[in-house]
Amino acid sequence: MVDMMNNRFRKDIMKNASESKLSKDNLKKRLKEEFQHAMGGVPAWAETTKRKTSSDDESEEDEDDLLQRTGNFISTSTSLPRGILKMKNCQQANAERPTVARISSVQFHPGAQIVMVAGLDNAVSLFQVDGKTNPKIQSIYLERFPIFKACFSANGEEVLATSTHSKVLYVYDMLAGKLIPVHQVRGLKEKIVRSFEVSPDGSFLLINGIAGYLHLLAMKTKELIGSMKINGRVAASTFSSDSKKVYASSGDGEVYVWDVNSRKCLNRFVDEGSLYGLSIATSRNGQYVACGSNCGVVNIYNQDSCLQETNPKPIKAIMNLVTGVTSLTFNPTTEILAIASEKMKEAVRLVHLPSCTVFSNFPVIKNKNISHVHTMDFSPRSGYFALGNEKGKALMYR
């Protein structure tokens, strides 16, 4: 029973003093009567039983049907929207093996839920990716070998590592658990082996030498196949997504395109506005080439124009960084390009493709926990993004 006397609105609908208490059903009826009296009858929108009969009102009927239900009318889009990226911080990738030495390489395994972190503390560590604790699987310690770069082979069965001051290339066989040092590649006259690239199909290893030389090695045997030479020094290099071409960025601001099989130069062009190149990357779908220069500009080109035109124009020049762009990474679905400069704190941005606009909510500047970024990678299905800084932290985002 509902007490009618202690509510002034209910008092008004009492017909006599005997209605000082009403049951809930009677109160509901009385409120309905009062409402209909005020409205002059039952309004159309309150009539659920009445249905329109004329055939030309079918669409309106559908609308009525739609408005009878509640639910999520917004469906997920097939492509990533621009503007704001939904992301959250995860536990650091290397939280179970902290270090203060600079992280030189962070890379996700191509087939397993594993992330590799390597740095100047002479160690390559593997962690399981779960976003919560990221348990350590193992660490490989290389004596007197501060790591310049470490990288998985294309099939994920090997880890390759080079040092800042040695010509030895270490190969760690993950299945056998064996560390194999490659002391000397026959025909390779380099005093230091540092920067290298692994082809996406797993056939080739490309070593950036001094004096403009690029050395192509067979991945399986680690034997020299041939060398290519550009003018000036090699600043950065990368394979095309089909592993048939090599893109090399020179210290003179030029980009050279080589055919892998014939080792002939297919094209060379000046990277627009660049005094000298620092980084280069190609997208997984074969659509884009991104070139990073010393002045902080990232030019995004159409890959076809890089092959055919002597003076290709970039689709877009990204000018959000002000110091030299040292790292470029496309995500596997070619929807994000990560750009970073190790010369300045918090100098990392995520660029949306194909709109070539920067996501406004990354990095969160007020947190200031990113510091100087030296390496970046996306997981194979783009669920995670990781970056390594000079403080020994491998930060990870979902």
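## Close-up views of a predicted model

**View 1. A248, a buried residue in strand β16.** With a relative accessible area of 0%, A248 is buried. The model shown in this and the following views is predicted. A248 sits in strand β16, which covers residues 245-250. Beyond the neighbours within four places in sequence, the contacts of A248 are with L214, A236, S237, E254, V255 and Y256. M219 provides a reference point for distance: 29 residues separate A248 from M219 in sequence, and their C-alpha atoms are 19 Å apart in space.

View 2. N389 belongs to strand β28, a strand that runs over residues 385-389. The relative accessible area of N389 is 0%, so N389 counts as buried. When neighbours within four places in sequence are set aside, N389 is in contact with R102, I103, N369, I370, S371, H372, H374 and L395.

**View 3. The cis peptide bond between L353 and P354.** L353 and P354 are joined by a cis peptide bond with omega of about 5°. P354 is located in the loop that connects β25 (348-352) with β26 (357-358).

**View 4. The loop between β26 and β27, with P363 and K368.** A cis peptide bond is found between F362 and P363, where omega is about -5°. P363 is part of the loop between β26 and β27, the latter strand spanning 373-378. K368 also lies in the loop between β26 and β27. Phi of K368 is positive, near 45°, in a residue other than glycine. The relative accessible area of K368 is 55%, which means that K368 is exposed.

**View 5. S382 in the loop between β27 and β28.** S382 is placed in the loop between β27 and β28 (385-389). Its phi is near 65°, a positive value for a residue that is not glycine. The relative accessibility of S382 is 24%, so S382 counts as partly exposed.

View 6. The structure holds 0 disulfides. C265 is accordingly in no disulfide, and its nearest cysteine sulfur, in C306, is 13 Å away. The relative accessibility of C265 is 37%, which makes this residue partly exposed. For C295, the closest cysteine sulfur is that of C291; the two sulfurs are 12 Å apart and therefore too far for a bond, given that a disulfide requires the sulfur atoms to be within 2.5 Å. C295 is partly exposed as well, at a relative accessible area of 35%.

**View 7. M319 in the loop between β22 and β23.** M319 is in the loop that links β22 (316-318) to β23 (327-330). At a relative accessible area of 59%, M319 is exposed. C295, shown in the previous view, is 24 residues from M319 along the chain, and the C-alpha atoms of the two residues are separated by 9.1 Å.

**View 8. The whole protein, for orientation.** The secondary structure consists of 4 helices and 29 strands. The radius of gyration is 31 Å, well over the 21 Å that the globule rule gives for 398 residues, so the protein is more spread out than a compact globule. Along the principal axes, the C-alpha atoms fill a box of roughly 110 × 50 × 40 Å. Buried residues make up 48% of the 398; A248, at 0% relative accessible area, is one example of a buried residue. Of the contacts with a separation of 6 or more, 44% are between residues 24 or more positions apart. The accessible surface is about 21,200 Å², and carbon and sulfur atoms account for 50% of this area.

Terms used:
Residues numbered from 1 in each chain as written. Predicted model: local features only at pLDDT ≥ 70, side-chain atom pairs only at ≥ 80, totals over all residues. Heavy atoms only, no water. Helix = DSSP H or I, 4+ residues; strand = E, 2+ residues; numbered from the N terminus. Buried < 20%, exposed > 50% of the residue type's maximum accessible area, 1.4 Å probe, protein only. Rg over C-alpha atoms; globule rule 2.2 N^0.38 Å. Contact = heavy atoms within 4.5 Å. Areas by Shrake-Rupley, 256 points an atom, 1.4 Å probe, with all protein chains shown as cover.
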